Amino acid sequence: MTRQNDALVKDLEVKARKLRLDSLFVMKEMGIGWLGGSFSSADVVTALLFYRMRHDPTRPEWPERDRLIVSKGHSCEFVYAALAEAGYFPREELKTYSHTGARLQTHLNTRTPGVDYSGGSLGLGLSFAVGSAMGAYIHSVEANLVAPSRRYPARFRVYCLLGDGECNEGQVWEAAANAAHYRLDNLTAIVDSNRFQSTGSVERTLNMLSLAEKFRGFGWQVREIDGNKMAEVVAALEWAISAQGKPQAIIAHTVKGKGIPAYENTNCHFVKITDELLRSGQEALQG
Ligand SMILES: Cc1ncc(C[n+]2csc(CCOP(=O)(O)OP(=O)(O)O)c2C)c(N)n1
């Protein structure tokens with residue numbers, strides 16, 4: 001890793017820590033929060049929004065922007081904190097989280113600037129991402145999807161964040177088949193593989209065995225990483241943009257609740273935000 005990369009990774013690590021803390025205060029607005037899945041995916045979301053993605057917070061509707069489709073739309077608090085930090089809306093608005101009539105609701109929705117997909121019902125986001133990725137290859141009303149060898153370049157890239165529990169849903173695999181069939185090399189799926197879903201371990205709920213092998217079997221290029229090691233996240237996102245002819249899946253092995261030691265590796269899915277938790281969050285994440 002070059003010195004320049006080293007500095008980038010350090011900056012992103014600092015950002016991810018700060019945003020974890022910000023998002024704890026977002027959760028505090030409701031008194032309860034999607035702590036586990038927000039924190040496990042925090043490093044991936046940080047690297048996407050503050051490093052990899054081509055986007056412009058002053059123009060959320062810019063047609064050429066890269067898309068972030070957060071299919072596990074309940075993991076919203078960290079994304080809200082990150083979007084505010086990026087400048088999509090004022091930080092003050094974070095205090096309206098979950099309030100009646102507010103834009104920031106308890107699942108991501110497209111009323112929020114910077115959010116391209118409304119989540120809630122799991123299993124659907126990858127299909128949406130496939131459609132978006134196809135759209136990036138359509139350059140005009142006249143030009144339609146053309147044979148890959150004669151294709152125009154994609155106008156933007158699409159990143160789709162999925163949960164490992166979510167991958168129980170059959171529709172994920174229909175979408176995976178389509179993405180490979182249409183050779184959507186502008187599509188990267190990132191599975192936040194934190195080993196838990198709402199009611200227990202992924203393994204005991206419905207064991208899908210190796211998600212890496214499954215995506216590979218569907219015709220994707222696949223990489224497995226430690227999704228809470230920023231250097232690995234950055235390297236995997238670099239790898240993804242160089243891939244040609246196939247969609248890419250990054251299986252990010254993560255820790256549910258990563259960042260607050262007392263919660264790590266527990267199924268801290270939807271957690272009461274107590275003063276004690278805020279204190280331990282500040283202790284673990286500040287400085
Ligand atoms: C179709 C559907 N079924 C069930 C749920 C209820 N649900 C909400 S979160 C969740 C667990 C998802 O697990 P995972 O994808 O691993 O998310 P993470 O652990 O990262 O939060 C479930 C089953 C839902 N939102 N949508």
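These legends accompany close-up views of a predicted model.

View 1. As friendly background, nonpolar side chains in soluble globular proteins tend to be buried together.

**View 2. Leu48 and its contacts.** Setting aside residues up to four places away in sequence, Leu48 touches Met53, Leu68, Tyr159, Ile190 and Leu237.

**View 3. Asp192, a buried residue of strand 4.** Look for Asp192 in strand 4 (residues 187–193). Its relative accessible area is 2%, so it counts as buried, the limit being under 20%. Beyond residues up to four places away in sequence, Asp192 touches Gly37, Ser40, Ser41, Lys72, Leu161, Leu162, Gly163, Asp164, Ala252 and Thr254. One of these partners, Asp164, is 28 residues from Asp192 in sequence, yet their C-alpha atoms are 6.1 Å apart in space.

**View 4. The two sides of helix 10.** Which residues of helix 10 (residues 275–285) are buried? They are Leu277, Leu278, Gly281 and Leu285. Seen down the helix axis, these buried residues fall within an arc of 100°, so they line one face of helix 10. The face turned away from that buried side carries exposed Asp275, Arg279 and Glu283. A handy reminder: an α-helix has 3.6 residues a turn, so residues three or four places apart point the same way.

Terms used: Residues numbered from 1 in each chain as written. Predicted model: local features only at pLDDT ≥ 70, side-chain atom pairs only at ≥ 80, totals over all residues. Heavy atoms only, no water. Buried < 20%, exposed > 50% of the residue type's maximum accessible area, 1.4 Å probe, protein only. Helix = DSSP H or I, 4+ residues; strand = E, 2+ residues; numbered from the N terminus. Arc of directions from axis to C-beta. Contact = heavy atoms within 4.5 Å.
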